[in-house]
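The points are grouped by topic.

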Amino acid sequence: MQTNYSYASALAASQRINWRVEDIIGGEKRLDFDKPFMPEALARIAPLDSLSAREKLLLNQIRGHGYLYQFGLVEEFILPFVLDHARPLLAQDDLRTRALLRFASEEAKHIHLFRTFEREFEAGFGTPCDMIGPADAVGKAVLAHHPLSVALLILQVEWMTQRHYLESIRDYQGLDEQFRSLLRHHWMEEAQHAQLDTLMVEALAANCDERQIEQAVDGYLEIGGMFDGAFKQQAGFDLDALQRAVGRSFTAAEAERITAVQHQAMRWTYLGSGISHPNFLRSVQELSLAQAERLADAATTFA
Ligand SMILES: [Fe+2]
Ligand SMILES: [Fe+2]
């Protein structure tokens, strides 16, 4: 592998960062419902010209709530997966054990952070938003796959978080300050997770032959397909929530356009931006050039 990632450097970086949930939300730190929560590059709401400015803002905030929920959902299966990966070798390498346990502990903190934001959202938004799930059933379905399939998915999620912040959020003006702070703090810790996931994928692939790598990529794409179906359903839920929040129904043509644009926006946010990340594809290339090409192709569906 051409990286200089190590358990020692991930552990050291994690110890330097170490923020607390209460530093980011709560007390005086409240969501500002006059501001958007998601950057336009991920929300893709500007092209929906049948919506008024107010309706666009509400849909943006519904998507922000979805982001909190989707990340909470994936982190709920990342946590046990990382603990299971750490456990068999706890006594073998102290730095590995400490780095992976910190990784798991940070994901537990992120779950807590996203849930705290969700409660803030629900208290302030005033309209209930239905969500795909339940999270534990989705987690069980994901974890039923080969560990390398799951590790690839997790690696993709971590790089995706890096891309969201650096490309779409850091320089985007006008975002709610608490949401920006949430995404920035998440990015800071996920940078170490991406490195540890890279090491995890390498370790899991070390004993796999070409056929087993192909099967692991099959499993990874199967999970991606499962999520894609769920995002289509979520786009419908978001439309219902928007109609409730604005107190009007859209025409069939408007509804069709909104859900199609929003489904594709979620595909990019949660799948395409990770699958097409150069560092993710580089890890897959190390396992198999053919499989990396296959994934680069698949990414075009989710652009
Ligand atoms: Fe996280
Ligand atoms: Fe993470």
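**Aromatic residues**

Tyr-67 is buried, its relative accessible area being 1%. This value, like the others below, comes from a predicted model. The briefing starts with the aromatic residues and then turns to the metal site and a loop residue.

Aromatic pairs and cluster

- The number of aromatic pairs comes to 14. In one of them, Tyr-67 and Phe-71 have ring centres 4.6 Å apart and planes at 40 degrees, so the pair is tilted.
- Helix α3 (residues 53-86) holds both Tyr-67 and Phe-71, which are four residues apart, about one turn of the helix.
- Phe-71 also counts as buried, at 2% relative accessibility.
- Phe-117 and Phe-179 form an edge-to-face aromatic pair, with 5.9 Å from centre to centre and 85 degrees between the planes. Because Phe-117 lies in helix α4 (residues 94-125) and Phe-179 in helix α7, this pair ties together parts that are 62 residues apart in sequence.
- Phe-117 and Phe-179 are both buried. They belong to one aromatic cluster, which is formed by Phe-33, Phe-37, Phe-117, Phe-121, Phe-125 and Phe-179.

A charge over a ring

- Trp-19 has Lys-109 lying over its face, at 3.9 Å from the ring centre.

The iron site

- The iron ion (ligand 2) and the iron ion (ligand 1) lie 3.4 Å apart and are bridged by Glu-107. Glu-158 is in helix α6 (residues 147-169) and Glu-190 in helix α7 (residues 177-205), so the pair ties together parts that are 32 residues apart in sequence.
- Glu-158 counts as buried, with 0% relative accessibility. Glu-190 is buried as well, with a relative accessible area of 1%.

The loop between α6 and α7

- Tyr-172 is located in the loop between α6 and α7. At 28% relative accessibility, Tyr-172 counts as partly exposed.
- Apart from neighbours within four places in sequence, Tyr-172 is in contact with Met-38, Pro-39, Glu-40 and Arg-180.
- Tyr-172 and Pro-39 are 133 residues apart along the chain, and their C-alpha atoms are separated by 6.6 Å.

Notes. Residues numbered from 1 in each chain as written. Chains lettered and ligands numbered in written order. Predicted model: local features only at pLDDT ≥ 70, side-chain atom pairs only at ≥ 80, totals over all residues. Heavy atoms only, no water. Donors = N, O, S within 2.8 Å, 3.2 Å for Na, K, Ca; no water. Helix = DSSP H or I, 4+ residues; strand = E, 2+ residues; numbered from the N terminus. Buried < 20%, exposed > 50% of the residue type's maximum accessible area, 1.4 Å probe, protein only. Contact = heavy atoms within 4.5 Å. Phe/Tyr/Trp six-rings, centres within 6.5 Å; stacked < 30°, edge-to-face > 60°. Lys NZ or Arg CZ within 6 Å of the ring centre and 35° of its normal.
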